Amino acid sequence: MCAIDQPTGDVLSLERETPGAAVKFDGVQKSYDGETLVVKDLNLDIRAGEFLTMLGPSGSGKTTCLMMLAGFEPPTHGEIFLDGRPIGQLPPHKRGIGMVFQNYALFPHMTVGENLAYPLKVRGLSKADIKAKVQRALDMVELSAFGGRRPAQLSGGQQQRIAVARALVFEPNLVLMDEPLGALDKQLREQMQYEIKHIHENLGVTVVYVTHDQTEALTMSDRVAVFNDGKIQQLSPPAELYEAPKNSFVAQFIGENNKLSGQVTKMVNGHCEVTLDTGAVVKAAPVNVDGEGARTTLSLRPERVTIGDTAAETTLGGRVSELIYLGDTIRARLAVEGNDEFIVKVPNHNRAVSLKEGETVTVGWATEDCHALDPIAT
Amino acid sequence: MTDAAAVPGAVAAQDPSGPLTTADGKPLKQALRKANAKARRNALLLVLPLFAFLLITYTIPIVQMMTRSVSNPEVAEYLPNTAAAIADWDGSDLPSEDVYAAMVADLNAGGRSTIGRVAARLNAELAGVRSTMMGAMRDSDEFQAPYKDALLADDDDWADPRLWKLIQRESRTLTPAYYLRALDYEYDENGDIVRRPEYLQVYTQTFWQTAWMSGLITIITILLGYPVAHLLATLPPARANLLMILVLLPFWTSLLVRTSAWIVLLQQEGVINDVLVLLHIVDEDGRIRMIYNRIGTIVAMTHILLPFMILPLYSVMKTIPPSLTRAARSMGATPLRAHLTVYMPLTVPGLAAGVLLVFILAIGYYITPALVGGESGIFISNLIADRMTGSLAQLRLALALATILLVGVLVLYWLFNKLVGVDRLKFG
């Protein structure tokens with residue numbers, strides 16, 4: 001999958017002397033209309049050289065955070081620090097932050113070369129320096145021969161690369177990317193994900209990346225901040241985000257998820273017993289529950305559920321209502337304890353073939369794979 | 001890379017070894033033409049009425065205007081014998097007896113009205129010709145050969161070589177005389193082209209005044225319109241609509257209402273002068289004259305032409321994504337620099353369209369300078385209109401002036417196209 005002609009280390013040499021910059025949001029709030037808060041009390045430490053993704057549905061406040069960091073929106077309250085220095089009063093052009101915009105924002109009246117030279121010219125570099133740096137940046141994104149073209153003469157993927165090169169050419173310590181891959185088709189998007197990831201690894205620059213695409217977030221990031229309702233719901237490395245969601249929103253938003261509602265009836269030895277609304281009792285790992293008597297929503301990943309394994313720690317009965325053949329797996333939709341959308345991914349080996357629609361089966365899982373989270377209305 | 005690799009393939013497809021053909025072997029271009037012929041015919045039929053309308057009401061009158069501005073039929077038509085006989089005269093001394101005989105024959109043949117027209121035409125070039133000719137016409141049936149002596153006896157102006165040189169010159173059916181007059185030149189007594197006396201030079205000066213005042217008005221509309229267009233393009237839609245209505249308001253008010261409003265404001269007993277006096281900025285005797293002169297014309301025309309600058313600018317600015325200036329600022333450009341190097345160059349197509357519209361509209365403006373321009377603030381159109389109501393010669397002069405104006409505008413348009421490229425313009 002990974003593109004064969006990936007840029008290699010020796011091409012990627014913008015000769016950095018400074019590593020990435022550290023960013024700190026300290027109690028930041030933002031309101032546009034004075035009535036509602038778009039960002040509510042944001043506290044976030046981004047480490048130097050980190051690739052941090054702000055992930056969330058539209059309207060969750062992630063882009064606003066990025067705009068505040070870039071300096072285009074002032075925080076209503078709180079302070080943002082760049083390498084320990086408060087930057088709240090600093091206008092965008094003095095922050096020295098590289099930025100890749102959603103639709104690339106390449107200057108249509110300039111050639112690709114002039115676009116790349118723009119930040120260098122603004123900084124008053126000599127013509128020879130500018131020429132050398134522009135050429136190196138073009139080499140980095142493998143578009144060495146395209147310096148004389150206009151952005152409109154490039155394909156979407158090429159424009160995207162130029163936008164990335166332009167944000168990096170003046171060697172900023174921090175680069176912001178605002179849904180940079182949103183306009184590309186699926187295949188190109190996947191390829192660009194790897195390229196951006198490799199550029200980040202090679203340059204050591206801090207990257208703050210905004211997206212609503214969870215695959216992008218999981219593939220590229222060191223850590224992901226999941227935004228919803230103006231708050232960070234969870235800040236974790238990708239694997240932890242998927243394996244151990246801290247609340248129901250994250251469990252729902254990242255990957256596929258089966259929900260079962262119930263009430264905690266007993267807490268014992270690090271696990272809890274939950275009585276489902278249908279009366280069945282299951283064991284679960286308590287992650288985000290208030291204690292005995294509290295309502296809870298159980299979260300189960302479809303690939304952690306087995307069918308027909310009566311020896312599993314927890315077993316329940318279910319009826320197969322639909323089977324979808326996906327090649328490597330078979331996706332089974334079941335009705336389990338009042339949930340008609342209970343999905344199980346069955347690996348495609350002999351056992352699975354015997355499943356039939358309408359059949360009653362046993363579903364089972366390990367207690368640690370069943371997370372008891374905060375209740376959500378169903 | 002996938003997208004880069006696709007480019008050579010596309011180029012190869014466009015460059016085949018031979019001409020492309022359809023499946024049954026016909027050349028592809030021919031087949032395409034045939035397939036599109038019907039659509040083309042239909043399109044032609046759709047524009048035909050408008051085309052005919054423009055031909056009758058626009059193209060033909062303009063051609064007529066241009067031919068009439070150089071037409072000079074009087075001598076050739078009403079003094080045909082003289083015109084033929086004098087063609088060979090070398091211009092030294094006086095013409096031979098043949099020419100005098102031909103003149104008498106023409107005077108005899110012509111009626112009062114036809115000779116009157118020739119006499120008027122020639123009198124415009126050389127004062128006194130009319131009475132000489134009309135007198136000779138009255139006496140013409142009594143003339144006996146030799147006619148030279150007879151005519152000289154009738155009026156000794158017939159011995160003036162200037163008269164005969166004039167007749168010889170004006171026997172041509174086309175004349176540049178009206179264009180010479182329109183550019184403040186004339187024929188002197190010897191038939192050489194010379195500048196008119198300074199106190200008679202009105203046209204070139206008015207042409208220049210028209211040009212520089214139109215230029216100034218264009219510059220003022222840019223200075224006033226550019227920020228408004230920018231504001232319009234960046235405001236939220238609801239408020240932008242309200243502002244847009246204010247911008248278009250001049251279009252919706254009657255020209256006379258607008259102009260009277262300016263008179264109320266600007267006249268010496270008007271609102272502005274009253275306020276200035278009240279604030280002791282000027283005293284009662286020092287009231288400023290702001291109307292019926294150039295200031296009046298410039299103020300009123302700027303007001304009227306402002307929308308023509310704002311609208312094309314607005315439509316272009318609306319398409320410039322705000323992320324471009326943001327990108328420039330994120331790369332270290334100050335707001336001013338981002339504006340000058342990124343935003344402004346992208347507004348050039350709208351700016352150029354606005355300049356072209358305003359300047360060309362201004363240069364042909366008539367009504368506003370006529371109403372508020374007084375004597376000093378008039379445009380060339382006002383002179384053209386004035387001359388049109390005069391004699392035939394004055395009408396032809398008006399046509400010559402109008403043709404010069406038209407050609408001037410076309411030259412400007414051509415220059416503009418060279419400099420900016422009309423295909424880059426965005427009018428809205």
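Author: We shall take the helices and then the sheet. This is a predicted model, in which local features need pLDDT of at least 70, side-chain atom pairs count only at pLDDT 80 or more, and totals for chains, interfaces and linings use all residues. Residues are numbered from 1 along each chain as its sequence is written, chains are lettered from A and ligands numbered from 1 in the order in which they are written, and side-chain values use heavy atoms, with hydrogens and water left out.

Reader: How are two packed helices described?

Author: One gives the angle between their axes and the distance between the axes. Helices are DSSP runs (H or I, at least four residues), as are strands (E, at least two), numbered from the N terminus. Axes are lines fitted to C-alpha atoms, for helices over the stretch in contact, with angles from 0 to 180 degrees between N-to-C directions. Here, α2 (residues 112-122) and α3 (residues 127-140) of chain A have axes that come within 9 Å and cross at roughly 125 degrees. α2(A) is therefore oblique to α3(A) (under 35 degrees is roughly parallel, over 145 roughly antiparallel, 65 to 115 roughly perpendicular, the rest oblique).

Reader: Which strands form the open sheet, and in what order?

Author: Strands pair if DSSP finds at least two bridges between them. The order of the 4 strands is β2-β1-β4-β5 (chain A), with antiparallel pairing. β2 (39-46) and β5 (85-86) of chain A each have a single partner strand, so one side of each lacks a neighbour in the sheet. β1 (residues 23-30) and β4 (residues 77-82) of chain A pair over 5 bridges, and Asp26(A) stands opposite Glu79(A) in β4(A).
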